[in-house]
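These are my notebook entries on one chain. I set down what I looked up, entry by entry.

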Amino acid sequence: MQRTGFNQRWRARRAVLICASALSGLAVLPARAATADAAVTIDIPSAPLAQQLVMLQHETARDVLFSPSAVGSVRGAALHGTMSARQAALRLVANTHLTVSETANGALVVRNAAAAQAPADPPADPPPARTAGTKTAPAAEEVVVVGSANPQGTRKIAAGYAITTLNASQIRKAIPSSTADLLKVVPGIFVETTSGVSGPNIEVRGFPTAGDAPFVTFQLDSLPIFPVPTLSFLDNSTQLRLDDTIRSVEATIGGPAVLLANGQPGATVNIIQKTGQTDPGGIMRVTTGTGSLFRIDGYYGGKIADGWYASLGGFWRTDQGVRDTQFPADQGGQVVGTLVHTIEDGKLTFYARYTHDQNAFFTPIPLISSGSGANVQIHPFPGFNPLTATFLGNANRMVTFDIAPGGPGGNPISKTVDLSQGRGIDSKVIGFDFEKDFGPFHFDNRMSYVDEDAPTIAQFTGANPETLGSFISGAVAAANADPAAVAAAGLASGGTARFVTNGRVLTNLNQQVEEIGVWDVDKHLQGFQDEARLSRDLFDGNTLTAGLYFAAFSSHDVWYLGNNQLMTVQNNAIPVAVTLNNGVLATSADGIASPVSFALQNEYDARNVAAFISDTWRINPRWRIDAGFRNEWDNTNATIGNITTENLSSNPLAIYDNGASVLTGTSHGLNFSGEASSFAVDTNYQFMKRLSGFVGFNHGYALPTFDDLRSGVTNTTYVDQAQGGFKTFGRYYSADITGFYERFQGQPTSQILLSGQQVTFITNAETEGVELDGALRPLPGLELAFSGDYQAGTYTSGGPGIQNNEVARQPNLQFRFTPSYGMPLSFGDFNAFATVTYVAQRWADLQNTQSLPQYTTLDVGAKLTLPDGIELEFTGTNVTNTLAITEGNVRVLGSGVSPGGVFLGRPLFGADYQFSAAYRF
């Protein structure tokens, strides 16, 4: 015990030393002359000039000072391109009664031309605007709301925790393949999007999970999309699609976020929507690319009456995909509308989103490994291109499998599914936000309601490939061991295989085949949430906020897992049916070789109530402290269908239907009541205007989810996090450096094995590390951006073969380097960029037996902005066709490697190129 305590103290001290080292590094950053004016990329839509000037301050490192009365109701045209802050300001005020001057300390001043000779300078440090800005050079000055108990937000540089922010332009520059993929730019988060648009795995630095995204909450305008971040076969990112209706994104890990909404101790990602008030104007965009991609995006917003603003936007697309499924891999769209009404000292915001999208889900595929331990290398499986191939195809798109006995004529009851439906979403979301000042009080209330279907109809691999002859031999052995089959047909000695599509006999017994599960999961979810916050200044510099969060949500699930279908190992695989020479049916007519291995029918209802209180005290202009406490009560009721195991068919020769998991039609109840509390203390000290240091500690928790309770796991996970670091920015640089230490107790990790059995491990873990998010701008138009993290995480308990292992699926080192260069041309503005991503070796499993080798990828892009609002953009991802995997075989315990090095892994997609043309108005 003494040794453990010593280790914990040493880890905590080492995290502090990391922060101290970061400070010493920042101390030598060179100061720049106040008159320097580097060129940066400007992306400002048409809007009232006062709003545009605030955006300009956010998108450059220059203070922009003006009087609202001087600016008046002037409206500016859109401004896009690479230029200095002064050039941008001059363009914005061109043809108006305003002029631009510069103070001795480098601030830009916009004032009436008639008053341009006035000698007095405005204050050098104006109050921040209430807006979520950008993540360019002055990002530290922007106001963010993620993790902030104050509904009005806080300046990023003054926050006592690390925050990453992206504006709409930077979202596109990241080239995200999905909502989850956008998080690759957030230090401390590792995203696995090799499954496609839906169904990612998202790991947060040191959080000991082995899949899904239990410690990542996506919010929509500061309220979770769904009260639970992850359920089986559904995470928050799958419930939302990115398009041009998104204004900006904010992300943080831990900090005060443990107090708010659903109390996420991991990563909280706030998606901020455009409205007609904040983002007047419009855009139309057409995109095409690899896989016959065709996509249309649109947005328009503006004032519709005095005090009323509206917006409407969305997208529609169809895409065959980099892995050609022979049917649309991704098809669907989204419609988003907002309505804002300003009232005295406040406003009301209504929004609605409808998303209907069908997305192919890609399972691990056969690969060859060589080497051992951490030195494994991977190679293509013969005849199967790991960058572009997929088992999915028209030949296996429609599948029929049996789910219960007792059908007409003694036949089983069956179900037919269409794999083109994939892992999609049909979601309706409505929300209402109300904020108003009542004398000294500021009241903010947010509520939302979601009703959605989230089906998963997809292939799941588990067993490694084998020869057709090996499969037939196994089927012969199984049939001859079945007394009923032997009694009806005698012993078998061989068999015949036929293609399901055309009935042609397959005679090559060396043909590689694989049994692939056809999993059918129906999920219907509903959720209502409401969070109310009341804030008041107790005295100068001190604001107290009290809040109440309520959530009522449900999930109705019907699952049929298993249903292994035999098919050839090739791109767009063909199902194979096998009949033994004594008449025994080793597979169904559709090639189903084994029945449902796990049937489930559950109905869950939960209520969560949480109360929190938070205090912000600005002790002096440099020093700020935030502290808060939260307590949550949870009550869950469920009805769980009982299951049994039996043979589905009355035909003794149909051995493929033996031993099925079957719902009995009866059920049993489950009730759970839990309570947990969290607290957070963060402090920030501003050494100078553009350099601050912070340190904080928070204690958070994760109550058991529906799936945990069904598996008999009722324990609450507790998370302790300490973090500290520094934020600095200037015209030529910006940097956020954070050191962290984390400790976990009681984290459940579950696996569904080939047999349908679910195994659960309860682990404790400790992690320490450092993360960096920064950029250098040494020359006009040139930016060298960098983000990444280093971590060392181990399991401190979890059982034999797990304790002292590295935390699964998480690289000790990952980083992204993004150089970009913008230049003005005679006919427009041009910007080129590239991103090099490095991910170190990881382990796919808790036992550290499945190695995931290191890899490096390259993405490229270029954008040309022409006059009159026309934009042309080209992007390419993984242009070097790097072969790498993000997942091993989660259906087995152990290495999962067969003789010859054959194993299953989920690789990166091959090169994907896209071109878009947009018109802003």
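**Entry 1: Ile-189 and the cores**

I began with Ile-189 and, setting aside residues up to four places away in sequence, I found that Ile-189 touches Leu-183, Ile-202, Glu-203, Ile-253, Ala-267, Asp-789 and Gln-814. Contact here means heavy atoms within 4.5 Å. The model is predicted: local features need pLDDT of at least 70, side-chain atom pairs count only at pLDDT 80 or more, and totals for chains, interfaces and linings use all residues. Residues are numbered from 1 along each chain as its sequence is written, and side-chain values use heavy atoms, with hydrogens and water left out.

I then looked up the largest nonpolar core, which has 54 residues; Leu-183, Ile-189, Ile-202, Val-216, Phe-218, Val-269 and Ile-271 touch the most other members. A nonpolar core is a set of buried Ala, Val, Leu, Ile, Met, Phe, Trp, Tyr and Cys residues joined through side-chain atoms within 4.5 Å. Buried means under 20% relative accessible area, exposed over 50%, and partly exposed in between (1.4 Å probe, protein chains only). Strand β17 (residues 246-253) gives the most to this core, namely four residues. I also noted a second, separate core of 22 residues, with Ile-472, Ile-574, Val-578 and Ala-586 among them. In soluble globular proteins, nonpolar side chains tend to be buried together.

**Entry 2: the whole chain**

I recorded eight helices and 55 strands in the chain. Helices (H or I, at least four residues) and strands (E, at least two) are DSSP runs, numbered from the N terminus. Of the 921 residues, 61% are buried. The radius of gyration is 29 Å, which agrees with the value near 29 Å for a compact globule of 921 residues. That radius is taken over C-alpha atoms, and the globule rule is 2.2 Å times the number of residues to the power 0.38. Along the principal axes, the C-alpha atoms fill a box of roughly 105 × 65 × 55 Å. Among contacts between residues at least 6 apart in sequence, I noted that 69% join residues at least 24 apart.

How many residues of helix α2 (residues 49-59) are buried? I found eight of its 11 residues buried, so the helix counts as mostly covered. Those buried residues are Leu-49, Gln-52, Leu-53, Met-55, Leu-56, Gln-57, His-58 and Glu-59.

Val-64 lies in strand β3 (residues 64-66) and is buried, with a relative accessible area of 5%. Leaving aside neighbours within four places in sequence, I found Val-64 in contact with Leu-53, Leu-56, Gln-57, Leu-108 and Val-110.

**Entry 3: Asp-221**

I located Asp-221 in the loop between β13 (216-220) and β14 (223-224). Is this residue, Asp-221, buried or exposed? Asp-221 counts as buried because its relative accessibility is 13%. Not counting residues up to four places away in sequence, Asp-221 touches Asn-270, Ile-271, Ile-272, Gln-273, Tyr-351, Asp-433 and Arg-446.

**Entry 4: positive phi values**

Most residues other than glycine have a negative phi. I noted a positive phi of about 50° for Ile-175, which is not a glycine. Ile-175 sits in the loop between α5 (168-173) and β11 (189-192) and, at 13% relative accessibility, counts as buried. Arg-809, also not a glycine, has a positive phi near 70°. I found Arg-809 in the loop between β46 (782-797) and β47 (813-825); at 1% relative accessibility, Arg-809 counts as buried.
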